Amino acid sequence: MRGRKRYVAYSVWDNRTDDIIIIDGTAEESAKAMGLTIESFYSAVTRAKNGSIKRYAIETRLFEEGEREWLTM
């Protein structure tokens, strides 16, 4: 629908241990769970997407307003 807000949720895995760090977290939640600043988190996302960082696997998912309760509270 036109005019609906979109949100990004992140799921992060530590490739060294195969541990899940966070599933469907906001950028702020994910950065905190990883022990990174928000700027470093966004850098890690970009680097994971282009393959230049091997420590983390980061999946991004796009949600529209109303699709995820916790994102629209």
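Student: Why is Asp14 called buried?

Tutor: Buried means under 20% relative accessible area, exposed over 50%, and partly exposed in between, with a 1.4 Å probe and protein chains only. Asp14 has 12% relative accessibility, so Asp14 counts as buried. The model is predicted: local features need pLDDT of at least 70, side-chain atom pairs count only at pLDDT 80 or more, and totals for chains, interfaces and linings use all residues. Residues are numbered from 1 along each chain as its sequence is written, and side-chain values use heavy atoms, with hydrogens and water left out.

Student: Where does Asp14 lie, and what does its side chain reach?

Tutor: Asp14 lies in strand β1, residues 6-14. Strands (E, at least two residues) and helices (H or I, at least four) are DSSP runs, numbered from the N terminus. The Asp14 side chain reaches the backbone nitrogen of Arg16 at 2.9 Å. A polar contact is a pair of N or O atoms within 3.5 Å; within protein, one must be able to donate a hydrogen and the other to accept it, and residues adjacent in sequence count only if both atoms are side-chain atoms.

Student: How are the strands arranged?

Tutor: Three strands form an open sheet, ordered β2-β1-β3, with antiparallel pairing. Two strands pair if DSSP finds at least two bridges between them. β1 and β3 pair over nine bridges. Arg6 has Glu64 in β3 as its bridge partner.

Student: What makes the pair of Tyr10 and Phe41 edge-to-face?

Tutor: A search of the whole structure finds two aromatic pairs. Rings of Phe, Tyr and Trp (its six-membered ring) pair if their centres lie within 6.5 Å; planes under 30 degrees apart count as stacked, over 60 as edge-to-face and the rest as tilted. The Tyr10 and Phe41 centres are 4.9 Å apart and the planes stand at 85°, so this pair is edge-to-face.

Student: Why does this pair tie together parts apart in sequence?

Tutor: Tyr10 lies in strand β1 and Phe41 in helix α2, so the pair ties together parts that are 31 residues apart in sequence.

Student: What kind of pair do Phe41 and Tyr42 form?

Tutor: A tilted one, with 5.8 Å centre to centre and 55° between the planes. Ring pairs link Tyr10, Phe41 and Tyr42 into a cluster.

Student: Are these residues buried or partly exposed?

Tutor: Tyr10 has 9% relative accessibility, so Tyr10 counts as buried. Phe41, at 0%, therefore counts as buried. Tyr42 has 39%, so Tyr42 counts as partly exposed.
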